Every structure is written in structure tokens, then in C-alpha cells.
Amino acid sequence: MPNEVKYSPTLLSIIDMTYMMAIDDQLEFITPEMVLDAMLYDKQFCQAVDETILQGDHKEFQKAVLHCVYDNNTPLPDGAEPMHSEQYIDLFTGAELKALHAEASMVDVPMVVSAMIELTESWAANLIEAYFGNNFPELLRALIDAFGKDDGEEFLSDDLFDSVFGENPLSDDKDSKPGAWRDFVVCINDHLKDHNPLIGRDAELERTMQVLCRKDKNNPLHLGEPGVGKTSIVYGLAQRIEDGQVPDKLKGFKIYSLDMGTLLAGTQYRGDFEKRIKEVMKGVAAEGHAIVYIDEIHNIVGAGRGSDGTLDASNLLKPYLEGGDIRFIGATTYEEYNRNLTKSKGMIRRFQPIDILEPSIDETIGIIKALKPQYEAFHGVKYDEEALEFGVRMSAKHITDRYLPDKAIDLMDEAGAYLQMSKGEKTDRVVDQELIAQVLARVAKVDALAVKEDDTERLDTLKSRITDKIYGQDRAVTAVVEAVQLAKAGLTDDDKPLASLLFVGPTGVGKTEVARVLARELGVELVRFDMSEYQEKHTVAKLIGSPAGYVGYDDGGLLTDAVRRAPDCVLLLDEIEKAHSDVFDILLQVMDYGTLTDNKGRKAYFRNVILIMTSNAGAQFARQASVGFASTITTGEAMLAQVKKTFKPEFVNRLSEIVVFADMDRHMAGLILNKKLKELQVKLTAKNVKLKLTAKAREQLIDMGFSAKYGGREVDRVIQAQVKSRLMREMLFGPLKQGGTATLGHSKGEFTLTCT
């Protein structure tokens, strides 16, 4: 620049600001858009813009400028200095030429703006054209009036100039008001009445206070599963502070809960989030005797980080964590701690982990009883203490995806809400054990029988109800019912399925049907898997979900999802011997520990499942083994020996029982025939048709339907071929169109059908 051309004080300040912006925002180039952005911090410039702008106001204009600044630049390489872009050089070259032509003593703001509009390929010129249009001469005139006698005093003061780099002028005004930091925190000391009091947890609370009283690294980190009471401990600490039951170093302290979601909300531009963090920390520090509580603290890792490599919340908070003036309490789960916080070694070393374990059943009962008066007052009901104890024990057993005391408190709250809404006329509204069982059955998706301790009538008649529908398999039904009753009596391991049964027997003798009837009589869902679909090694992954990176990863596991959806069910694995050997390794874990982990680390609990597996293994050999004049071995028993050779010893050893089904005999065939004919008559009744059989026809059907090799399914085929086909013709084309009576007889080796 020629010596005779100088820059006005305001313009020099603008140039300095553009350089500081580039350094602060780590931008590689200083551009005309940055110059225009810096000008918009001047009050006189903004006033001139407001007077002449056509589209929006100066803030809308400034938003557009900011977008251009950051969208059309590149990050500054490490150790490098920002460079002037070619358009930036052209801008000030043009401004200097205008000063020379005007024989002015210095280059001022209007000259730079006039040169800017001539940079036809720059975003700055395009924005001016878009927002001012034909009003640009008026803008230039207003700027000349404003900066005609530029002495630099109208520009930002030094304090305001410095604050530009920690403050976005487009952010909401409320962020800049004194005390605005309180909008982003909640003082727990002032909201103690809104939260349940802390019951127990003395050891954890003492450890928390001990860490807070340290000189360095005085930041406790509560680690525990969801619902075990991490937040309640913080409220308990606040209550002790208010009651003066804390060490002298903690007396008079306030605990402020910081919500990352609230801090992030509305932070559209770079610097908004950083500013809020600093404002909150500055405000908390000014209060003195302050503790900041961050629930779900794993969220601070990555929060507020942009694509340009800006710092996230964890890095912004590190100086405050290290300083010791402000104490922090964090809370997170083990899973999130391992997934997120362990990546930031600097964060971990600044906190002192404190394990918050799930309370025992007895401890939870004490918590529930202590909370009982509050919930009684809220719902206007009474809670029976025995019902509350029952609710704690049953929630611990049946609600498997959550933790005490949260799930027990929710059950108590749910029962109170249910009774409060009921329309009954009873004046004495008491939450009893029966109501708890009903609510738990609905919440945990289990049958009420599973949670009612005194309802044994259905179990007592279970055998008779099953044998009414399953014929000739009394030994097998007895074994199944006794296994279920044993589990209901509480004499089995709580960490295993209610029963793990292997049904062995030839085809068609009722193995699958027993599972169906058992589920129906218990009032639970039947979940069936045909194991012939899992013969290949790659198909086994479908049960627990495909590994990460493989097709179907997001779908989850078919088996784990089914049990998670219906935790109280009869799980039928049909023809288990056809499955790949890897399936048996999965079932070992199910039968031994009652849990299965899917591809995403979520556990499915099988503790309320009746696991039934059917097998035809060795049927072809068993048939041959039982042939002989003196042989008294049934096919099922012969198959049992073969089953023990087919399955691994560790698999057989984990079964509750191997249930052997009897062979098909003539008497069983007759019973099955009666059952199938009753089912057929139900369909015929809808068509006004009545079916009768002569004694000879019945005996002939039994003779044809009895097959020790094919079992009860042969009866179905005989009825289809000999009865249904004849009825079909008469009902569609004969005298049974409008209904009537059909009599099935047998003479001269053939069936006859007489219609009346």
C-alpha cells in the first residue's frame, strides 16, 4: 500500500478482528465475508443496514453472512497462520484505489463496502445484492454519513471486542442477561419435596461425602444400573446439607443439576454451546459452595463437537474439574461408562468411581415401606404391607429387564393408580395381594397364575385338563405336570427355566400337541421354533442376531426377541435333533443360567419359560430294536437309548427330564378318532349337517387309522379320504345342500354315505 494511503481506526479494528476470528475459529483463509461479518459488530454500521435493508433485518443478514463464512472455508492446519484469500487482497486493493481516486487521506469503511460490491464472484457481493438490491446507494450514503469523521470511537469498546470471541451476537438475548445461567440448571436443594426421600444407602452416601471433602479430584462418579437409586443419593445428600448433617466443608452447599439437552437446545452457531457452558460455570463459581450434578454424564463426551474439530463438553469442563472450586457429581451406567467415558482417560482420572449396587429384596422392602405413606396420601388408598412385600418379591422375579428398587416402586405406584381409577363403591380402598398380582401380570406380560402364590387350584387340575385332550400319554403328561408343579412350589433353581424337557417318541404320538395344550391350559403364549430351519451354521446367528457388520444386525435375535416379548411362555423347539450343533451350545447357557445375550448385548431371561424340545432321533433304529417275539420295549424307550448317543452328555445332563411318549395302539387310535370326529362335527353344525357312524364304519376307520409307524396323523388322513371327501360331494351337489343327516356305514369292503 502506498505510504500516503492510511486506514481509518475503525477499519484497522475490523481488520484485526477478522484475523482474530480466523485464529479463534481455526479457519485457513481470511475472506471478504469475514470482513463483512466483523463490520456487523459496529453499532453505526448496523443502524445504516437497518435503515436501507430490503430483505429481513440486520440479524437475518448477519446469519446469512455467518453461513457463508463457515461454509466456504477450510480448517487451519496445525501450526499454520491464517492466510489472506485472493478476494480479500482484491477487496483492499480496490478500496485503496478508490481512496487514491478520491484523493482521500485514508481508506474507510464505506470505501471497503463499495469495493466489496464489485467482487462479482464473492459471496459477500452476492449477499449485499440479495439483501439490499437497488437500495445499495442508500446504504453507501448512510455509511458515509456514519463514518465521514471516523475517529474509531464508535466501534466496539475493548471489553465488548474481547467478548465477541466468547459470544455469538445472534444468540438469544436471554443468554447475555445477568443470572441467565440459572435457566440451564436446577437447584436440587429447592426441589427436595418433589422427589422421594432417600432410604438407606448410608455407605454410598458417606463415600460420596468423603470424596467431596477431598482437596484434589473431589468429584464422585456414581456407577450403577438404571433404577438402582443413583439420583436419589444426590437428593439424599442435598437433604443432609439442608439438615446440617454433613461435614463442615460441605455445609451451606447448593447442588445444581445440569442438563446437557437444555444446554444444547437452540445452539445453532459455533460458540453458542461453549458460551453457555462458560456462563453456567462462571455463574456457579460466583455462587460459591456449589456442586454441579450431571446425570447421564456419558453424554458430555462428544456433546457440542462440530465437524470442524471444535471441543466437546468434556474438554470444556476439564479445567473446572481440575480446579476444585466447583465440585462435580456424575452418574451413569456401567454400559455407558465402558462405551463412552473410558475413551476419555482425562475424564476418568478426574472422577472417583463409586459403585451403586442393586439393593437386596429385604432392603427394597424397607424402602417400599418407608415410601408407603407418601403414595397412600397421593393416591388416596391404603397399602397392605404383606401385599407390598409380595410385590417386591414378585417384581424381582418376573420383571427381569429392570432393577430394584425402581421396578418395585413402579409396581406400587401402578397399583395405587389402578385402584384410584376403579369405579368400585368400596369405601375401604386397599391395595391387596390380588391387585398387585393383576397389575404385575399386565406390566410384566405374565399370566396371573405365575404370580399368585395362593392360587393352586388351576395347577391341581392341570393334569386332568391335559389328559382330557391328550390320549394314551398319561405317563408323559404326568411328567410334564410334575415338572411345572415342582417349579411352582419353589423347589427349583430360580436362575433356570421353570422346566427344561425333552420329549422323545415316534412321530404322531402327541409331543407337539402336549406343548400346545400345556400353554393353553396355563394361559400363556406358545412360542414355537422349527429347528429344521437352523441346520446350517450361518442360520444359527438368527436366533441371537447377526454380528455387527453382517446383514440383519439391526433386526436382533429371533429367539431373544421372542422371549423378551413373552417372558412367561411355553417355548417349543420342534425336532431339535435337526438343528446345527451350535444351537446346543446356546441352549446349554439357557438351561444352566436362564439367560441369553443377543448381538447387541441385551439379555433375555428364560426364568419363567417352560422349555420343551421334541425329538424323533433314532426312530428308524428304535423300530427295528423293538421287533421280536419276546420284545417288551416300546419304540419310545428304544429311542431314548439312541437319544443319549445323539446328544452330548452336557446337554442331556442339564435337562429337567426326558419324557418318553408311548407307542400308538388301537385304543389310542379310537380316542383320537373320536376327538377328530368331534372337531369335524363342529364345522358340519355350521352347515346344518349332522354326522352319524355305524359301529362297523367306526371299527373300519380305526383299523385303517391305526398305525404305530405314523401315529395319530394317519387318523387325519383316513378321515380326509373316507369321510370328508364323501361329505364334500353331498354338501356341494347332493341332498345336503340345505343340511340334513349323513350316516356313514361300511359294507362289502366299502364305505357308504346315506343322507336324509
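Predicted model: local features only at pLDDT ≥ 70, side-chain atom pairs only at ≥ 80, totals over all residues.
Residues are numbered from 1 along each chain as its sequence is written, and side-chain values use heavy atoms, with hydrogens and water left out.

Reader: Why is the aromatic pair of Y7 and F92 called stacked?
Author: Rings of Phe, Tyr and Trp (its six-membered ring) pair if their centres lie within 6.5 Å, and planes under 30 degrees apart count as stacked, over 60 as edge-to-face and the rest as tilted. The search of the whole structure finds seven aromatic pairs; Y7 and F92 form one with 5.8 Å centre to centre and 25° between the planes, and it is therefore stacked.

Reader: What makes this pair a tie between parts of the chain?
Author: Y7 lies in strand β1 (residues 6–7) and F92 in helix α5 (residues 86–101), so the pair ties together parts 85 residues apart in sequence. Helices (H or I, at least four residues) and strands (E, at least two) are DSSP runs, numbered from the N terminus.

Reader: Why does F92 count as buried?
Author: Buried means under 20% relative accessible area, exposed over 50% and partly exposed in between (1.4 Å probe, protein chains only). F92 has 6% relative accessibility and therefore counts as buried, as does Y7 at 17%.
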